[in-house]
Amino acid sequence: MGDVLSTHLDDARRQHIAEKTGKILTEFLRFYEDQYGVALFNSMRHEIEGTGAPQAQLLWRKVPLDERIIFSGNLFQYQEDSKKWRNRFSFVPHNYGLVLYENKVAYERQVPPRAVINSAGYKILTSLDQYLELVGNSLPGTTSKSGAAPVLKCPTQFPLILWHPSARHYCFCMMTEAEQDKWQAVLQDCVRHCNNGIPEDSKVEGPAFTDAIRLYRQSKELYGTWEMLCGNEVQILSNLVMEELGPELKAELAPRLKGKPQERQRQWIQISDTVYRMVYEQAKARFEAMLSKLQLARPAMEAVIRTDMDQIITSKEHLASKIRASILPKAEVCVRNHVQPYIPSILEALMVPTSQGFTEVRDVLFKEVTDMNLNVINEGGIDKLGEYMEKLSQLAYHPLKMQSCYEKMEPLRLDGLQQRFDVSSTSVFKQRAQILMREQMDNAVYTFETLLHQELGKGPTKEELCKSIQRILERVLKKYDYDSSTVRKRFFREALLQITIPFLLKKLAPTCKSELSRFQELIFEDFASFILVENTYEEVVLQTVMKDILQAVKEAAVQRKHNLYRDSVVMHSSDPDLHLLAEAVPVDWGEEYSGSSDSGGDPGSPSIPEAATLSEKRRRAKQVVSVVQDEEAGLPFEAVPEPLLPTSADSITELRGLLARDLQAESPSLAGPLLNGAPAQESPQPGKAPEAASPPASPLRQLPPGKASDLEPPKPSDQETGEQVSGPGGRPPIHTTTEDGAGVQTEF
């Protein structure tokens, strides 16, 4: 592998890549700097004027998954360097980074993980044929002949592959279809969460960045949705660079790769991953420098906006009126002929699966609470309530129980319309709707928890408690119906704009874009940082189609299609003090309502005193509750030793033989080769390794209050290349090891 990289990525080529990357980043950052001032002005104006949006009826949880582990278990991972499959103990913490250990013993003994995978931008594949097709398409002219050995062989019928167009791939396999389904649901949750990497509460940096990405791509004549707008800012920037740099490198290097088609495919994957890591590090440095510069300038910009807010608004409205007079007739004709006839079809295609998904959320919530109520009646009332509510509180983050809701979005198609409006993929709409489903489920559960906790203060009997649970559930479902209608209508409006606006801008560009330069003189120099002609032009175009979109959504609501409420329906809260209750300390159901008092594995055990010993902390940390409850007695890979693989592990028989061995008590040596074949590097920062614990087959653990710092799992890296390899000096400094062994330090 080192020879491949040294041959095709020598110093001269690396310098060329760095220069090309720098040029793209410089051009993009000009857009970002311009958009930052516009976003800052829009944010401050919004704070003053408000929007008058309907008030949500449900409460929202501020820290949904604090100190939790979603899932854990064993799976086999393919190692490219040795061409063998290795058994790995893996778990997914609350921040959705897939953490891989040598084995469960290494996890228990606090040995740093072998890898932490950030899955932003990845696709989950369950078919080896699908993976081989994508690999073959990634490098033209490398289609394997019939009967030739593929680039990867899977020893079982249940592969699970993380595929990325630029970064390295991760290949796993399971022994049973049930395990494959579980891990697929969990990893889809990881991808969904990591793709949504720009914080929604970022009112300036987030909108400035996404607008800059869109305007940069439009300057390259790239309109429509972009499938790789996923991850945090640096990951998206890396994807942006690779979109332009990747084809150039492929055209230059593909003819020089030697060997059989499979070997050339492997070489290209290695080269692409190495380049991606180089681009990522350069993008990170440049973006952080620009962000620091803008944050230093922000106080002065805010002072100007506060002082001259009225004048800026007046100037912008004057500019908009001039642009509107110039382009409105053309825009209206374009909307009438090319967009308006298709809005009902697009809306219907979006409404059916989305509304089915939100209905499924309601049904799942009803079933879970009803089952809990029956269990309270049959198993001892309040004594068991803490245990039941502890499980219910994490319902929105239970990958398997939420899977039936998420699956409703999979049939989403824009047949015929997708090509017309240049929608590269519907995945962006599917994932957005799924995230909204999860948020609404958690809001409903949290509201139920809050109301139930208030009711418990009255000291009800078991019979009274069951009646109260049913009554509270009905109230929560009514609030959910109202909020889900509001959320869905907003989602439909945003999706319709996201589909139609790029199409309109592309249609109008030949006749309208050339006229925009003459409007620049209408902007006062003092306000040039907050008013841009391009943005104002797009707002005018948006207004021409917005009334048609609003009318279409309104008509759907009037017809009560898919349980949408009319805009005129305003639900007045029957619980006026509910939002005040939300300000109280969140309920710890395990602590407050559990009958257990010691270490029997019950989540309600008392919190650890500050003076507790390290061993006591570890012992307590093992008292976990699983968010993914296993139906079987245990996972197929439970209690499996680190296998000493024979020369070939491609057969199912050999893997099953490995599973039968006893667990070795020895901790793995850190001196061995890492997953990508590069040696572990010493950490330059001797950070203290956090305390970890030994989970059961698939734990959602709850740590004692105040001890998160002692037991915090490794966080997923921002680096979309995926695998982060840790050195023996502790978890905080983790090395990203490229194929030539050059470690790049990444803080978690």
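In this predicted model, helix H14 (residues 462-512) and helix H15 (residues 533-558) cross at roughly 145°, and the axes of H14 and H15 come within 9 Å. The crossing of H14 past H15 is right-handed. On the H14 side, the contact is built from Lys 489, Phe 492, Arg 493, Leu 496, Leu 497, Thr 500, Ile 501, Leu 504, Leu 505, Leu 508 and Cys 512. H15 answers with Tyr 537, Glu 538, Val 541, Leu 542, Val 545, Met 546, Ile 549, Leu 550, Val 553 and Ala 557. Sorted by class, the contact of H14 with H15 comprises 17 nonpolar residues, one polar residue and three charged ones.

H14 also packs against helix H8 (residues 261-339), here at an angle of about 130° and with the axes 10 Å apart. Angles from 65 to 115 degrees count as roughly perpendicular and those over 145 as roughly antiparallel; H8 and H14 are therefore oblique to each other. H8 passes H14 in a crossing that is right-handed. From H8, the residues involved are Ile 327, Lys 330, Ala 331, Cys 334, Val 335, His 338 and Val 339. Their partners in H14 are Thr 500, Phe 503, Leu 504, Lys 507, Leu 508, Thr 511 and Cys 512. Nine nonpolar, three polar and two charged residues make up the contact of H8 with H14. Thr 500, Leu 504, Leu 508 and Cys 512 of H14 take part in the contact with H8 and also in the contact with H15.

A further helix pair is formed by H5 (residues 177-195) and H13 (residues 427-456), whose axes come within 10 Å and cross at roughly 100°. H5 and H13 are therefore roughly perpendicular to each other. Here Val 191, Arg 192, His 193 and Asn 195 of H5 meet Gln 431, Gln 434, Ile 435 and Arg 438 of H13. The contact of H5 with H13 divides into two nonpolar, four polar and two charged residues.

By class, the lining of the second largest cavity has five nonpolar and five polar residues, and no charged ones.

Conventions. Residues numbered from 1 in each chain as written. Predicted model: local features only at pLDDT ≥ 70, side-chain atom pairs only at ≥ 80, totals over all residues. Heavy atoms only, no water. Axes fitted to C-alpha atoms, helices over the stretch in contact; angles between N-to-C directions. Helix = DSSP H or I, 4+ residues; strand = E, 2+ residues; numbered from the N terminus. Parallel < 35°, antiparallel > 145°, perpendicular 65-115°, else oblique. Left-handed = near helix turned anticlockwise from the far one by under 90°. Contact = heavy atoms within 4.5 Å. Nonpolar A, V, L, I, M, F, W, Y, C, P; charged D, E, K, R; others polar.
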